[in-house]
Amino acid sequence: MALTHGPDTGPCAVCKKPSARPCSRCRVDFYCGKEHQTLDWPRHRKGCGVLAVESNEALGRFVVATRAIPAGTILMREVPLVAYPVVLLPHAACTGCFARLPLGPLQGCQRCGFPVCGEACSLKEVHLPECSAFQRAGFKLSTKLYLEDDKYMNALKALRVHLATQKMPQGRRLAELKSDFQPRGQSGIPEVYAWELGQRVEETSARIAKAVSWLRGKVGMKWIPAKDLERALGAVDMNALQGSPCYNMDPDALQAVGLFAGHSLLEHSCAPNAFSYYWHNEDDSNRDDMETVLVAARDIARGEHVTITYLDGNSVCDAPTRRQTLLNWSFFCRCVLCRDPTELGLHLTAWYCGYCNRKGRRCLVEVPDICGFGCEGCGEGGYVRKDAEGNGWAEVSRLEARIKELRGSGQKVPRKVWKGLLSEALRTGGVLHPTHALVLQVKKELAFERALDKLAGRVPADASGQAGDLRQDVAYTRELLRVMDVLQPGISPARRDCLMNLYDLTEALLELPGNENNEALMKEYVELNEKIQPCLINPQEKKNFPALFAET
């Protein structure tokens with residue numbers, strides 16, 4: 001059986017004609033015939049048959065490279081075994097096509113009551129099995145209740161995944177997915193994290209039990225064993241992959257999540273060597289298929305584990321935040337970034353000791369076990385997130401809370417507010433390291449302001465009056481790029497987004513009066529375009545962002 005579950009058809013890798021003949025070994029590329037498959041072999045062989053599945057007691061199953069893999073190689077090409085809509089408040093999604101539904105009263109399927117765009121979506125193949133189950137039970141959901149309790153969404157997930165396991169061949173693949181929340185290979189976890197991990201397991205079990213109880217009790221689906229529904233929802237929580245990855249900022253993207261055969265085997269790293277990406281053909285003909293590829297972000301050595309990040313790939317977080325978030329997957333992260341007290345020299349969690357600061361010394365406090373900490377200069381210490389005033393952690397926490405408050409306001413935060421926070425964080429005698437995660441987060445808010453304005457439909461301010469801000473944003477973006485060169489080097493989407501932002505900012509600078517003939521600025525503009533080209537993965541991206549000087 002192939003490692004992945006790929007699409008049935010795709011364009012020939014050479015001539016782009018529709019084909020139903022994928023490479024039988026890797027199923028990444030399609031060919032119209034033997035001639036074009038042979039012609040493409042020198043390129044295709046770089047990623048064909050380069051992955052193997054191994055297992056051990058600590059990790060369970062994982063994927064390794066069987067030979068050296070160059071950056072940019074597509075390693076997997078998959079469609080989900082099963083997909084389902086997700087609620088991203090305040091928006092629900094259609095249970096048939098996964099499109100974001102408009103605000104206001106929801107339209108429900110006439111037979112089961114779950115939200116849909118219209119009658120056509122209520123008759124889609126993906127929705128019919130659960131709809132039939134609700135009809136068999138003689139139950140119809142009141143659509144207006146859908147967003148009031150997550151048990152309805154969880155019940156839909158459990159039922160859809162369970163029913164999908166009854167179909168072959170994907171049913172067997174679904175049955176193989178990890179579905180229990182018992183931590184594996186987690187001995188030696190700091191006590192505070194071990195306790196919180198136990199709490200997460202209990203909360204997840206309670207949430208699953210609530211949805212299953214509603215399906216079997218209130219709805220009346222007693223013919224489905226509780227353990228089967230519990231297993232289905234457990235598989236969702238442990239293996240789901242966003243159908244429209246966080247790197248895709250398209251507001252019209254599908255609001256859905258899928259379970260994938262190959263991607264579900266990939267382990268997490270906070271400094272990953274690969275990434276998943278939503279694949280669009282040049283004509284966008286497969287937009288609704290949730291076709292997803294796995295791409296090598298950098299060169300991967302033979303025997304190296306192939307990893308992705310389960311976190312938002314565009315965010316930079318301190319170690320406690322990363323590790324607490326990852327407890328949702330029932331493990332305590334020990335990746336290369338989290339194991340290193342200096343975090344690969346970036347010091348994302350480090351701060352300067354408050355006691356030593358007041359005595360005129362600058363002693364950097366690292367957090368060797370990401371739980372307890374102590375200053376090597378004065379010996380004073382405490383516990384992360386529980387420190388009293390004095391050592392410096394309390395000041396870090398206040399800044400963290402302020403950033404969270406501003407981001408959660410739902411309003412555009414004035415530039416002067418972010419600049420004020422940055423000045424406070426980096427003031428003389430301040431406690432934050434210059435590359436602390438909070439400092440980088442504020443710099444990103446400033447550096448990407450124009451891009452976010454465009455995304456939100458706001459017209460960016462006239463660049464002619466903001467030359468100073470533009471140059472400052474260029475400096476911030478370059479600093480973020482240097483960080484990504486360490487965290488996610490190569491052609492990672494996070495690094496690409498920094499390059500794209502630099503490109504847009506440079507373009508804005510070229511539009512300023514007096515810069516039209518600035519040769520140095522134009523040279524940088526062209527070089528940035530050249531650096532971005534290898535980072536463009538799917539055909540539609542390449543079409544929408546052409547090279548400035550195409551090869552002839």
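Mentor: What follows begins with the whole chain, turns to a group of rings, and ends with some other places in the fold.

This is a predicted model, so local features need pLDDT of at least 70, side-chain atom pairs count only at pLDDT 80 or more, and totals for chains, interfaces and linings use all residues. Residues are numbered from 1 along each chain as its sequence is written, and side-chain values use heavy atoms, with hydrogens and water left out.

The protein has 18 helices and 16 strands, where helices (H or I, at least four residues) and strands (E, at least two) are DSSP runs numbered from the N terminus. Of its 552 residues, 52% are buried, a word that means under 20% relative accessible area, with exposed meaning over 50% and partly exposed in between (1.4 Å probe, protein chains only). Among contacts with a separation of 6 or more, 64% join residues 24 or more positions apart, a contact being heavy atoms within 4.5 Å.

Now to the rings. The whole structure holds 12 aromatic pairs, and here rings of Phe, Tyr and Trp (its six-membered ring) pair if their centres lie within 6.5 Å, with planes under 30 degrees apart called stacked, over 60 edge-to-face and the rest tilted. One of these pairs is F134 with F139, which is tilted, with 6.3 Å from centre to centre and 40° between the planes. F134 counts as buried because its relative accessibility is 1%, and F139 counts as buried because its value is 16%. F139 also pairs with W214, this time edge-to-face, at 5.5 Å centre to centre and with 90° between the planes. W214, like F139, is buried. Taken together, F114, F134, F139, Y146, Y152 and W214 form one aromatic cluster.

Helix 4 carries H162, which is buried because its relative accessible area is 10%. Leaving aside residues up to four places away in sequence, H162 touches I224, D228, L229 and A232. Helix 7 covers residues 226–239, and its buried residues include L229 and A232.

Finally, E78 lies in strand 5 (residues 74–78) and counts as buried because its relative accessibility is 0%. The C-alpha atoms of E78 and E291 are separated by 5.7 Å, although the two residues are 213 residues apart along the chain. Beyond residues up to four places away in sequence, E78 touches several others, among them T4, H5, F260, A261 and E291. The side chain of E78 reaches the backbone nitrogen of A261 at 3.4 Å.

Definitions and conventions. Polar contact = N/O pair within 3.5 Å; in protein donor to acceptor, adjacent residues only side chain to side chain. Expected span 1.5 Å × (residues − 1).
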